[in-house]
Amino acid sequence: MAKKISFTLNGKAVNFEVDVRESLLDVLRYRLGYTGVKKGCGVGECGACTVLVDGMTVDSCIYLAVWADGREIRTIEGIAQDGELSVVQQAFVEEGAVQCGFCTPGLVLTTTALLESGREYTREELKRELSGHFCRCTGYKNILKAAEKSLEAGKRQCEE
Amino acid sequence: MYDIQGYIEAESVSDAVALLASNPRLKIIAGGTDVLIKLRHGQMEGAELLSIRKIKELERIEQLADGTIVIGALATFAQIFHEPIIHNNIPALAEAAVSMGGPQIRNVATIGGNICNGATSADSASTLFALDARLRLRSSAGERVVPVQEFYLGPGKVDLKPDEMLSEFLISPAGFRGFGGHYIKFAMRKAMDIATLGVSVMCKISGDVFREVKIGLGVAGPTPLRCVEAEEFAKGKAIYAETLAGIGRLAVKSTNARTSWRASREYREHLVEELTQRALHVAIVRAGGAEIG
Ligand SMILES: Cc1cc2nc3c(=O)[nH]c(=O)nc-3n(C[C@H](O)[C@H](O)[C@H](O)COP(=O)(O)OP(=O)(O)OC[C@H]3O[C@@H](n4cnc5c(N)ncnc54)[C@H](O)[C@@H]3O)c2cc1C
Ligand code: FES
Ligand code: FES
């Protein structure tokens with residue numbers, strides 16, 4: 001059951017034929033080669049497969065590919081611009097929030113969405129907003145610090 | 001790949017109910033956070049899916065002139081949590097919304113799917129019970145409106161005919177105006193966990209007596225339920241610790257909890273007694289009462 005869909009992927013228009021049985025994860029990772037979209041659990045528990053759909057975080061393993069039709073999709077591959085790390089990526093590096101890196105694309109995308117929301121978050125709210133990601137390495141402390149740093153750096157950028 | 005045999009997208013409610021009438025095997029999919037998990041785990045095979053995701057009118061949350069709050073079946077938990085109408089009138093439902101899943105799940109999961117799935121652990125259910133919410137069900141033959149208490153028939157079983165769909169929830173002002181409410185989700189982890197017990201209470205007070213108390217529980221029986229005996233007992237009683245203790249004890253009488261790997265029956269009963277009181281402490285203050293020492 002093939003279906004033609006069109007969507008924007010990291011700013012570029014894409015026309016692609018997908019099978020209605022495919023998840024967005026299947027299409028992005030295995031057919032288009034966007035390997036920054038990680039496959040962890042496959043059932044919405046771990047957040048490794050997180051992508052942004054119209055600026056909103058979703059677990060792409062439980063999001064059908066046909067639902068991407070007409071939408072703007074962003075993956076970790078589209079976050080750095082002209083070889084420059086984004087504010088969020090830079091903060092993750094500086095805070096040592098990356099160990100094996102498997103959870104990192106998802107966490108960077110979630111933090112990017114928080115930054116772009118323009119809202120302010122208390123520490124407790126930030127923990128809540130990051131809770132859809134499993135990290136088996138870091139113990140989360142540095143991730144939380146990186147997220148806080150990202151939001152502060154983002155705020156400074158807006159004020160400048 | 002998912003074991004999907006067919007996939008149709010409905011453009012409107014009338015389109016959806018016509019499609020359901022023509023093929024009773026069609027399975028509705030909204031956010032898919034239950035349906036796709038079942039497909040992944042092989043609990044559903046060769047599904048013929050009817051997507052209702054494009055039906056914009058089902059996403060709305062609004063308050064009618066008579067005060068009734070209407071929540072479309074496709075409203076997501078993220079949307080409910082951020083909606084001022086919900087925050088200002090029924091904060092307990094906002095608390096329930098943000099307690100479920102994690103952020104990515106809340107961005108996609110709908111309140112309609114939460115209730116139609118029929119799980120006793122559905123985080124929105126106990127609050128909808130306490131609010132006396134009603135469900136508008138549509139079919140090609142017309143529509144009917146059913147109280148949420150009557151909608152649940154058994155574990156995983158709801159009163160939805162093969163040709164029907166849920167279009168919205170209706171919450172009358174009589175269900176929330178003048179009430180203070182609070183939802184407590186008790187789980188082993190703070191996020192991404194299914195409730196061991198869900199407790200939602202609403203109370204209306206005048207001076208230092210309870211005028212009305214409503215208690216909705218999840219995972220205290222095969223379906224969500226109301227604690228009728230405790231509610232009757234509370235009416236007209238003075239608001240002090242002994243009354244709350246009595247309400248907590250009587251709340252247990254309405255339950256039919258079972259032992260599962262998450263918790264034993266005894267532990268769940270203990271939680272009912274204790275958390276009903278804790279939820280009431282907050283609800284009393286929200287209803288305009290004084291904090292109980
Ligand atoms: C990782 C994860 C964590 C979760 N955590 C929680 C949690 O903490 N608390 C909780 O309560 N749930 C939780 N869930 C379960 C699920 O997310 C919720 O029940 C959700 O609200 C289902 O909504 P949906 O739109 O995704 O439903 P779908 O999967 O699309 O549908 C669910 C059921 O409802 C039917 N249906 C949907 N909409 C309609 C309609 N309008 N009319 C008629 N039938 C309809 C479908 O046919 C199906 O049977 C979790 C799920 C996942 C994957
Ligand atoms: S792979 Fe999607 S949430 Fe784990
Ligand atoms: S850095 Fe290894 S899982 Fe997070």
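Ligand 1 in this predicted model is surrounded by 35 residues, of which B:Ile28, B:Thr33, B:Asp34, B:Thr110 and B:Asp123 are the closest. The ligand lies between chains A and B, and the residues of its shell divide into 19 nonpolar, ten polar and six charged.

| Residue | Part of the residue | Atom of ligand 1 | Distance |
|---|---|---|---|
| B:Asp34 | polar side-chain atom | oxygen | 2.6 Å |
| B:Leu166 | polar backbone atom | nitrogen | 2.9 Å |
| B:Lys185 | N or O atom in the side chain | oxygen | 3.0 Å |

On its own, ligand 1 has 990 Å² of accessible area, and the protein covers 94% of that area. Within chain B, the elements that give two or more residues to the shell around the ligand are strand S2 (27–29), helix H2 (35–40), helix H7 (111–116) and strand S10 (165–171).

A separate site of interest is B:Lys214, which has its place in strand S13 (residues 209–218) of chain B. Is this lysine buried or exposed? B:Lys214 counts as buried because its relative accessible area is 1%, while the cut-off for that term is under 20%. The side chain of B:Lys214 reaches the backbone oxygen of B:Ala130 at 3.0 Å, and a polar contact of 3.1 Å joins the B:Lys214 side chain to that of B:Asp132. When neighbours within four places in sequence are left aside, the residues in contact with B:Lys214 include B:Ala130, B:Leu131 and B:Asp132, together with B:Gly175, B:Phe179, B:Ser200, B:Val201 and B:Met202. Also among its contacts are two charged residues, B:Arg226 and B:Glu231.

In soluble globular proteins, nonpolar side chains tend to be buried together. The largest nonpolar core in this model holds 82 residues, and the members that touch the most others are A:Ile73, B:Ile71, B:Ile80, B:Ile86 and B:Ile171. Helix H5 (residues 91–99) of chain B gives the largest share of this core, with six residues. For A:Ile73, again leaving aside neighbours within four places in sequence, the contacts are with residues of chain A, among them A:Phe7, A:Leu9, A:Leu24, A:Leu28, A:Val51, A:Leu52, A:Val53 and A:Ala68, as well as A:Thr8 and A:Asn10.

How values were computed:
Residues numbered from 1 in each chain as written. Chains lettered and ligands numbered in written order. Predicted model: local features only at pLDDT ≥ 70, side-chain atom pairs only at ≥ 80, totals over all residues. Heavy atoms only, no water. Near = heavy atom within 4 Å. Polar contact = N/O pair within 3.5 Å; in protein donor to acceptor, adjacent residues only side chain to side chain. Areas by Shrake-Rupley, 256 points an atom, 1.4 Å probe, with all protein chains shown as cover. Helix = DSSP H or I, 4+ residues; strand = E, 2+ residues; numbered from the N terminus. Buried < 20%, exposed > 50% of the residue type's maximum accessible area, 1.4 Å probe, protein only. Contact = heavy atoms within 4.5 Å. Core = buried A, V, L, I, M, F, W, Y, C linked by side-chain atoms within 4.5 Å.
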